[in-house]
Amino acid sequence: MSFDRFITEAISPWMKTGPSPNGDIVLSTRIRLARNLDRFPFPTSASQESAQTLLQYVRKALSEDEYQSVGALEFLNMSDLSANEKRVLVEKHLISPYLAEKSQNGAVLLSNDESVSIMINEEDHIRLQCLFHGFQLNEGLVLTNGLDDWLEEKVAYAFDEKRGYLTSCPTNVGTGMRASVMMHLPALVMTKQLNRILPAINQLGLAVRGIYGEGSEALGNLFQISNQMTLGKSEEDITEDLRGVVMQVIQQERSARSSLMRSSKMQIEDKVFRSYGVLANSRIIDSKEAAKRLSDVRLGIDLDLIQGVSGNILNELMILTQPGFLQQYAGKDLTMNERDIRRAALIRERLQLETE
């Protein structure tokens, strides 16, 4: 597979699988495992020589076989990529910001449909993640556990009988698993109910972060909810705890949407169509305003106020209008003003295609 495919298409194939469970609110599900190899220094303390040895060892071990339906994995060495190419992979959630910016001798193995990403020499030796459309924790857990078993047949993990899998960060010790869902919660934001819900979620041992995880901003009313505890619970317990909370948030978001449509339907319609009008006609727009307007349009689609526009438009344009993608299409670095002009033009073109 050509590397260009990974950085020229905003929508990964796994995102095009059609209707998904609770897909109007939960955009995606991710299961991530942190693993380290026995008898190798952890990446945070490894020399460049040791990190390079680990990289070659893992690459050889994983290139000798394929895992069931996942198929062959494409190897991408971070040292072979430009800063902007790595930025695009971060924007598509295929690699972490840490791997792109801080990793020594880092690499990633990607499946054909981009649903499986195995990062090497990130904060841990191996960060395995599986991505699914909509709310699919069970499916994510099954695939991730299968891949984990496949990996463990090829490499020896650093494991302690009492503590579980050993990781660079103490918060990942135990299962090493982070399960997360990306949720679109515009009604809870509009009604200010989210300010009350977030502290309750945190008290249950879950974290709420922005679109790119820890330290990132919640653009476009998109929030990532994930477990914080990995020690003392099984993978099944972690996903069930997350499932219970997410289902409650889904119900509250649906209730808030229904309430807004009963009490303020005209105002909601005005908000949705104003945003659609801005996106369809703007000649310059920054990333924050674009995210806000796209969130409004996606809400309008989900409430059947806007007809004939794909619900995937939020997923697609939230990635396609990020700085890395805009510069990749331009084939050069752009100033902030140039990016804002190109972003507006790209959104206009995309909306016009939807209505043709």
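Predicted model: local features only at pLDDT ≥ 70, side-chain atom pairs only at ≥ 80, totals over all residues.
The chain contains 13 helices and ten strands. Along the principal axes, its C-alpha atoms fill a box of roughly 65 × 45 × 35 Å. Of the 356 residues, 54% are buried. Among contacts between residues at least 6 apart in sequence, 71% join residues at least 24 apart.

Helix 11, spanning residues 313-320, is mostly covered, with eight of its eight residues buried. The buried set consists of Ile 313, Leu 314, Asn 315, Glu 316, Leu 317, Met 318, Ile 319 and Leu 320. Helix 10 (residues 287-302) packs against helix 11 at an angle of about 170°, and the two axes lie 9 Å apart. Since angles over 145 degrees count as roughly antiparallel, helix 10 and helix 11 are therefore assigned to that class. On the side of helix 10, the contact involves Ala 291, Leu 294, Ser 295, Arg 298 and Ile 301; these meet Ile 313, Leu 314, Asn 315, Leu 317 and Met 318 of helix 11. By residue class, this contact comprises seven nonpolar, two polar and one charged residue.

Helix 3 (residues 83-91) is also mostly covered, seven of its nine residues being buried. Those residues are Asn 84, Glu 85, Lys 86, Val 88, Leu 89, Val 90 and Glu 91. After helix 3 comes His 93, which has a positive phi near 65°.

Positive phi values also occur at Glu 114 and Lys 192, neither of which is a glycine. Glu 114, with phi of about 65°, is located in the loop between strand 3 (107-111) and strand 4 (116-120). The relative accessible area of Glu 114 is 0%, and the residue is accordingly buried. Lys 192, with phi near 65°, occupies the loop between helix 6 (186-190) and helix 7 (194-203). In contrast to Glu 114, which is buried, Lys 192 is exposed, with a relative accessible area of 61%.

When residues up to four places away in sequence are left aside, Ala 34 touches Asp 124, Ile 126, Arg 127, Thr 167 and Gly 176. The C-alpha atoms of Ala 34 and Tyr 165 are separated by 8.1 Å in space, while the two residues are 131 residues apart in sequence.

Ser 103 lies in the loop between helix 4 (97-101) and strand 3. The side chain of Ser 103 reaches the backbone oxygen of Asn 121 at 2.3 Å. Asn 121 is also among the residues touched by Ser 103 beyond four places in sequence, together with Tyr 98, Ile 120 and Glu 122.

Key: Residues numbered from 1 in each chain as written. Heavy atoms only, no water. Buried < 20%, exposed > 50% of the residue type's maximum accessible area, 1.4 Å probe, protein only. Helix = DSSP H or I, 4+ residues; strand = E, 2+ residues; numbered from the N terminus. Axes fitted to C-alpha atoms, helices over the stretch in contact; angles between N-to-C directions. Parallel < 35°, antiparallel > 145°, perpendicular 65-115°, else oblique. Contact = heavy atoms within 4.5 Å. Nonpolar A, V, L, I, M, F, W, Y, C, P; charged D, E, K, R; others polar. Polar contact = N/O pair within 3.5 Å; in protein donor to acceptor, adjacent residues only side chain to side chain.
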